[in-house]
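Let's walk through a structure together, one question at a time. Have a look at it first, then try each question before reading on.

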Amino acid sequence: MLQAYKANKRKISAGTVINRVMLVIFLIFTLVPFYVLIVNSFKTQNQLLGGVLFFSYPLYWKNYSDAFVKMLPFIWNSVTVTVVSTAGVTFLAALCGYAFGHYVFRGKRVLFAAILVNMMIPSILTLVPSYLVIIRLGLYNTQFALLLPYLAGGSVMGIYLVRGFVEQLPKTVFEAAKIDGISEFRCFISIGIPLLGTILTTVSILALLNFWNDIVWPMLVIEKSALKTIPLGLLEFNQQQGSNKGALFAGYILASIPLLVYFALNMRSFMDSLTEGAIK
Amino acid sequence: MNLKLKKKLKGDKIAPYLMIAPTLILLAIFALYPVVLSMVKSFFRWSGGFGGNGINQFVGFGNYLQLFKDPVFWQSWGNSLFFMVTGVVVNLIFPFLCGFMIFSVKNPKASYRWRVAFVVPMVVPSMVIFLLWQFIYDVDIGVINNIIRIFGGSGVDLLGSASSVKWAIRFMGFPWVGGTFLLVYIAGLGNIDNSVREAARIDGASRLRQLLFIDIPLLKPQFKMVFTLSVIGEIQDFVKIQTITGGGPGYYSYVPGLYMYKTAFDSGEYGLASAMGVLMMLVMLGFTYLSNFLFKTEAAD
């Protein structure tokens, strides 16, 4: 019986072949732009003018050192803004979601609705007035112009996820601690947060991807080159580097590396979080 | 003692409010207030100043009327409609096909590896993707023109000509499979009870028939979600177009979001731009209702 099953398993059907072939074709086409990117990042402008489809030798590594000097400040800005706002959003979402899931208090439903309604407001509607609010508060061209709105808008989805999670936790866990006389906030920090581990990973990864990739908002509120994040930096580099595309491509690759490394190190939780974020 | 304990268990009365306050204050300033402002100011001619600075004049539906009479505004919506329709078609078909094939890979390890392979491109900054495609289309040294020249053709300016620019923009990201929609479909396929498929298989239904009569009908909620998110995404996504064509040539790739952006930040007509934002929101709401109607599910979900 088992033998028959194994034999059957080894037999490759026509369907399986078609399936794999199609997947390979999909993957090849998906990766074409990245192939173009890598190939041309090793070219001088003259090599590039000679053709962009294949490697040409010798490989011109200097593009990478040129691009590194140019891109490093932008990468650093993106990393700091993303790390700080992701940490902030995760903390706020935990705090707020915990409050909504754990406590019974007056006005709870109204307040929760006031937060949740933000999920339904398209960001395009608030783009113009939010910009004017930033101007009005004197935050234009500062990192707070990025951080504060990220903290506000980024936590909404997280609050929703955390609340759902907290509501399913058994209350008894917290009651024991409260009888021992621990303060509410301590209770949240030392019992709540550890229990929220998995959901907070999801919240932070989704937030991180959003902030890292954001283009529109930084474009509106950051003009100073020293504060620019990666997307803006790439645009600036693109405008300056018309005569040497190779270095530009090297810059694109360097700009992609931080998140790729993060992804490689946290693949499982990344995949799970993306799936969860996609279906919620 | 007993009373004190009860009070303790109920929790400090103000604790939840303190926990919510920071988020709520931030949201009020950077999200809720801008929404109200946007709606109110869509009825004003407004140069963006607060507290009586600059122009701030009530015009009733003036901004809206002006937009309805504006041919560029209509053209931008026409273009947007093109992107919505083609975007919905593409997203309903390609990621689904790919997701179905990954789901059909029986070995869980192999299936996981395929999923990772298609998710990796998501991790690359979207600006890199935009600029790469701009290069692929480049008239002088782009990839497509390199290939055309190898076969003896002459260069074509796909982004610069009115007849091809919209298709060229749509073609960006081909074959459109790497991304969240793929994960939505795979998750949906995983939720379908295997006994349904098993029963069909015993009845002698081929894999294709199973796909047509079991998987596709049962994935209705996923298709609905992809439909809605595609439309909302296409209406709002103007950065891609701003980056690679700036709306040109002429207004052939102009979209409402880009028009709004330019009206506000190039022309300084913030009231008019607010009216555009409000109209875009209304269209999005309309499409959300339409999707409820198109993908009616018997059971509430």
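Q: What share of the 301 residues in chain B is buried?
A: Call a residue buried if 20 or more other C-beta atoms lie within 10 Å of its own, exposed if 12 or fewer, and partly exposed in between, with C-beta atoms placed from the backbone. Keep in mind that this is a predicted model, where local features need pLDDT of at least 70 and side-chain atom pairs count only at pLDDT 80 or more, while totals for chains, interfaces and linings use all residues. Residues are numbered from 1 along each chain as its sequence is written, and chains are lettered from A and ligands numbered from 1 in the order in which they are written. For chain B, the buried share comes to 39%.

Q: How many helices and strands does chain B have?
A: Here helices (H or I, at least four residues) and strands (E, at least two) are DSSP runs, numbered from the N terminus. Chain B comes to 15 helices and 2 strands.

Q: Is chain B spread out or a compact globule?
A: The radius of gyration, taken over C-alpha atoms, gets checked against the globule rule, 2.2 Å times the number of residues to the power 0.38. The C-alpha trace of chain B spans about 90 × 75 × 35 Å along its principal axes. Its radius of gyration is 25 Å, well over the 19 Å that the rule gives for 301 residues, so chain B is more spread out than a compact globule.

Q: Which helix gives the largest share of the side of chain B that touches chain A?
A: Two residues are in contact if their C-beta atoms, placed from the backbone, lie within 7 Å. By that test, 72 residues of chain B are in contact with 71 residues of chain A. The largest share of chain B's side, 18 residues, comes from helix α2 (residues 15-41) of chain B.

Q: Which residues have the most contacts inside the largest nonpolar core?
A: A nonpolar core is a set of buried Ala, Val, Leu, Ile, Met, Phe, Trp, Tyr and Cys residues joined through C-beta atoms within 7 Å. The largest one has 148 residues. Those with the most contacts inside it are A:Cys96, A:Val162, A:Tyr252, B:Val128, B:Leu132 and B:Met276.

Q: Leaving aside neighbours within four places in sequence, what is B:Leu132 in contact with?
A: B:Leu132 is among the residues with the most contacts inside the largest core. Setting aside those sequence neighbours, its contacts are A:Pro33, A:Val36, A:Leu37 and A:Tyr252.

Q: What do the buried residues of α14(A) pack against?
A: The buried residues of this helix are A:Phe270, A:Ser273, A:Leu274, A:Thr275 and A:Ala278. They pack against α10 (197-213) and α13 (245-265) of chain A together with α5 (108-123) and α9 (180-191) of chain B.

Q: Is B:Trp176 buried or exposed?
A: B:Trp176 sits in the loop between α8 (165-171) and α9 of chain B. Its phi is near 55°, a positive value in a residue other than glycine. With 21 other C-beta atoms within 10 Å, B:Trp176 is buried.
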